[in-house]
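Good morning, and thank you for joining.

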Amino acid sequence: MSKKAVKSKVETSRHFCCRTVQCCKKVGWLSLQDDGSVSFGLSDKTFVSPRQKFVSGIWNAYNRIGIDFLVESKLLDGVRNPHFTFHPPLKFHLKDQYSEKGAATTIFSGIADVGIVLGQQNQLPWIRAISNPIPKMSEHKLRSGNLGVELFSIDSEGESASVKIEIDILDSNATLKNGERDCWLVKWGQFSYRCKMSLCAPQISTLAWYYEY
């Protein structure tokens with residue numbers, strides 16, 4: 001009997017890091033899957049409450065309602081290490097990465113036709129995340145042989161700061177503006193993802209996202 005060929009899974013990632021004088025700290029990650037899906041998560045602990053669950057199966061192309069969801073890791077408890085995924089062309093969900101029962105818990109689920117949105121406006125805001133203060137972050141150690149991994153890093157002269165990550169969804173033909181610092185454009189599947197990092201006052205880790213329906 002001949003063995004059936006198994007298609008290898010293509011997956012690459014971008015690691016968000018903060019470089020200090022002493023070391024390089026892990027901030028977050030962006031995972032790019034072969035089906036065009038894109039996931040984001042913070043490297044440090046971010047807690048969300050099951051009470052934040054939101055499921056929307058309704059989407060309006062012209063009279064959309066915008067909602068900002070903000071999750072504060074210190075004040076809310078319940079689910080650890082959430083990751084947000086966009087499954088093109090229209091599915092979004094937020095799940096916990098680790099679960100005591102072994103199955104991921106869906107915290108947020110919604111739909112939005114991103115192609116139509118980008119035909120009406122030049123970008124769709126998506127992720128707004130802030131890390132823990134730099135001293136509380138884990139050190140980043142990239143093992144040799146990690147193919148498909150690219151580092152996005154921001155420099156910090158001191159450690160009295162947190163790192164903010166902003167991710168927006170743009171058209172596949174989008175380009176960065178001249179002079180944009182600490183900003184990267186990831187083209188994957190049908191869309192582009194603008195990733196921007198900046199330093200802010202030290203604070204607890206938060207995960208925020210924007211949703212229109």
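Let me start with a term: a residue is called buried when its relative accessible area is under 20%, exposed when that area is over 50%, and partly exposed in between. By this criterion, buried residues account for 45% of the 213 residues in the protein chain. Please keep in mind that this is a predicted model.

I turn to the overall architecture.

The structure has four of them. In one, Arg128 pairs with Glu166, with 3.6 Å between the closest N and O atoms. Because Arg128 belongs to strand E11, residues 124–130, and Glu166 to strand E13, residues 162–171, this pair ties together parts that are 38 residues apart in sequence.

Arg128 also forms a salt bridge with Asp168, at 3.0 Å from N to O. Here again strands E11 and E13 are involved, so the pair of Arg128 and Asp168 ties together parts that are 40 residues apart in sequence.

Are these two partners buried or exposed, or in between? Asp168 is buried, since its relative accessible area is 5%. Arg128, with a relative accessible area of 25%, is partly exposed.

Asp168 has a further partner in Arg194, where the closest N and O atoms lie 3.1 Å apart. This pair links distant parts of the chain, as Arg194 sits in strand E15, residues 191–200, and Asp168 in strand E13, 26 residues away. Arg194 counts as buried because its relative accessibility is 15%. Through shared partners, the salt bridges join Arg128, Glu166, Asp168 and Arg194 into one network.

Next, the nonpolar side. In soluble globular proteins, nonpolar side chains tend to be buried together. The largest nonpolar core in this model has 40 residues, and those touching the most other members are Phe16, Phe40, Phe92, Trp126, Ile167, Ile169 and Tyr193.

What does Ile167 touch, leaving aside residues up to four places away in sequence? Its contacts include Phe16, Phe40, Trp126 and Tyr193, and also Arg128 and Arg194.

Notes: Residues numbered from 1 in each chain as written. Predicted model: local features only at pLDDT ≥ 70, side-chain atom pairs only at ≥ 80, totals over all residues. Heavy atoms only, no water. Salt bridge = Lys/Arg side-chain N within 4 Å of Asp/Glu carboxyl O. Helix = DSSP H or I, 4+ residues; strand = E, 2+ residues; numbered from the N terminus. Buried < 20%, exposed > 50% of the residue type's maximum accessible area, 1.4 Å probe, protein only. Core = buried A, V, L, I, M, F, W, Y, C linked by side-chain atoms within 4.5 Å. Contact = heavy atoms within 4.5 Å.
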